[in-house]
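Student: I would like to go through this structure in a few questions. Can we begin with how a helix bend is defined?

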Amino acid sequence: MARRREIGKAGWRRTAVTAAISFIYFFPVLWIILTAFKSHTDALATPPKFLFSPTLDNFVAVFSRAYQRGGDAVDTKFDLFFFNSIFIAGTSVLIALIIGTLAAYAFSRWPLKGNDLYMFIILTTRMLPPIIVIIPIFLMFRVTGLAGSYVGIILLYSAFNLPFTIWMMKSFFDEIPTEVEDAARVDGSSEIKIFFKICLPQVKAGIAATAVFGLILTWNEYLFALLLTGIETRTVPVAMATAIGGDIGVRWGLLAAIETLFLIPVVLVTFLLQNQLLRGVTFGTIKR
Amino acid sequence: MSERYQHRQGLIAQFISENRGPLLVTPALAVLVVMNIFPLLWSFGLSFFKYRANRIKEPEFVWFKNYVKVLNDPNVWDRFQTTAMVVSIDVLLQLVVGFLLAMLFEKSFPGRRVLLMLVLTPMMLSFVAVGAFFRYYYEPTFGLLSQAIKAITGETYILLATPEGAIAGIIFADMWMWSPFVMLLVLAGLVSVPKHLYEAAEIDRTSAWRRFWTITFPYIRGLLLLAILFRTIEAFKLFDVVWIITEGGPGTSTETIAIYVYRVAFQYFKTSQSAALGYILLFAVIVLTNLYLFFVRQRAAEEGG
């Protein structure tokens, strides 16, 4: 156990200095949010406009499936892409969470022969550049016809989330003392009951943190989605990147609105999970 | 009949209770084997054949020819150099900025949680969003950066037009995104310094400089090392941000190794050569991951003892 000390106190002066620096650091994000409320001309204005009359047009354009371009309505399909992102990320995180938690429980409680080696290989599959696995997966999906289907990308993302889930959940299981479980075992409780009634309730916060980080990681993933989703299964990051790479008339306001919509839950989550953040971003390898 | 049935039930129960660990681990390992290990073996095999994914021609076994070709390719060495430069500058800057940020947040003060959240947000954004918006900021006519420089020098400034500028632009975006990661690790280290050491130093009237090197630094050294390794592994894979901001340009000046592998595989369709190159990358990542875990365990052991 780490020896935690009370952190020292500093006064309002520190608040002022830190606030100034934090706002500079946060500025690129703030500018995204401001751009989301700008009209197309304001977004491209020179010099940049700090004061402007805010508009909700961009947010409407995200959901109304269409925006005007030279008189023609163009279907942005972003409602479909949002649905895809949520559906694909949600399902694959759930799958990874179920089988990953079981595996993590086993790795924590009944270490196999070569437990460390397994954990190392599992971490490596997460650390390796995705570009290495993607070539054969691309060929594999082409042969099996999984390319462009929901099943394919969900399966892939479940595997993508598994190493993270296993390392995270193992670190949480490792932390809870085994005395209660052992006592229950002596009393003759079944293993299933011990797992569901004693262990799982103790790692509830861990499951929540793992799920949320998994969702963010999956939602943000770009390379796999770029190569393995079709027009009907495309996710938001791919659609966004396509919108930028396309023609000269990039709808920055629209892109900003899309990003802002995702930003809100992320900021909330960052705030609520601040204490689990370190563990989350190091895939559960560093606890505190 | 029922006795035999019961006996069989008993055997199954016994089997389950004796093999609990392996049984619980199996589904997870199965998914990983199908979606990770098998593709890895496939591409390992592929790296010994001559094969292009856009041709019907049967693969032809060529031993180590792909590896020889890749290692003798001046382009590969050039991309490795670019990657090494980007990674080292990027990680170094992340360390410095992350460390300074951690110093700001070291003590508790009113509003700390909220301000910390502001600083931590970049790392939770998507690579695509970061890439897209830095491209917007670097945009020659209406980008924030270009306009700020134009206001000072009076000339139109195109950051991404020169190799140096493009590299700086990419490093800045990635550094901004990931410095909070280093900050988190340094903060964790600062919290673990026993308070009585500071009190003792105060009595001895040790200078702040000495206090840092003799008391604080030993406690954050381990975590700094982990931060370097983790960020190096991640920066090594740098793809999305570069792909969106510069697509490797101008010319090939920002083409990192990950982008090069992507091009070889999906634009030039030299499938087996890209597999060979991928394996060289994999080897590097395995070495780094091993080192990383070694230091994680060492730190855990120190904390436990």
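Tutor: The bend at a residue is the angle between two fitted axes, one for the seven residues ending there and one for the seven starting there. The model discussed here is predicted.

Student: At which residue does the kink in α8(B) lie?
Tutor: Helix α8 of chain B covers residues 163–191. Its kink, of about 35°, comes shortly before the proline P180(B). The residue at the kink is W176(B).

Student: What distance does α8 of chain B reach from its first C-alpha to its last?
Tutor: The helix has 29 residues, for which 42 Å is expected at 1.5 Å a residue. The reach in the model is close to that, at 41 Å.

Student: Why is α8(B) described as largely enclosed by the rest of the structure?
Tutor: A residue counts as buried if 20 or more other C-beta atoms lie within 10 Å of its own. The helix is largely enclosed because, of its 29 residues, the number buried is 23.

Student: Which element gives the largest share of the side of domain 1 of chain A that touches domain 2 of chain A?
Tutor: Domain 1 spans 12–75 and domain 2 spans 78–281 in chain A. In the contact between them, 15 residues of domain 1 meet 13 residues of domain 2. On the domain 1 side, α1, α2 and α3 of chain A each give two or more residues. The largest share, five residues, comes from α3(A).

Student: Where in chain B is confidence lowest?
Tutor: Chain B averages a pLDDT of 83. Confidence is highest in helix α4 of chain B, at 90. The lowest mean, 75, belongs to strand β2 of chain B, residues 60–61.

Key. Residues are numbered from 1 along each chain as its sequence is written. Chains are lettered from A and ligands numbered from 1 in the order in which they are written. This is a predicted model: local features need pLDDT of at least 70, side-chain atom pairs count only at pLDDT 80 or more; totals for chains, interfaces and linings use all residues. Helices (H or I, at least four residues) and strands (E, at least two) are DSSP runs, numbered from the N terminus. The expected span of a helix is 1.5 Å times one less than its number of residues. A residue is buried if 20 or more other C-beta atoms lie within 10 Å of its own, exposed if 12 or fewer, and partly exposed in between; C-beta atoms are placed from the backbone. Domain bounds come from an automatic or database domain assignment. Two residues are in contact if their C-beta atoms, placed from the backbone, lie within 7 Å. pLDDT is the predictor's confidence in each residue, from 0 to 100.
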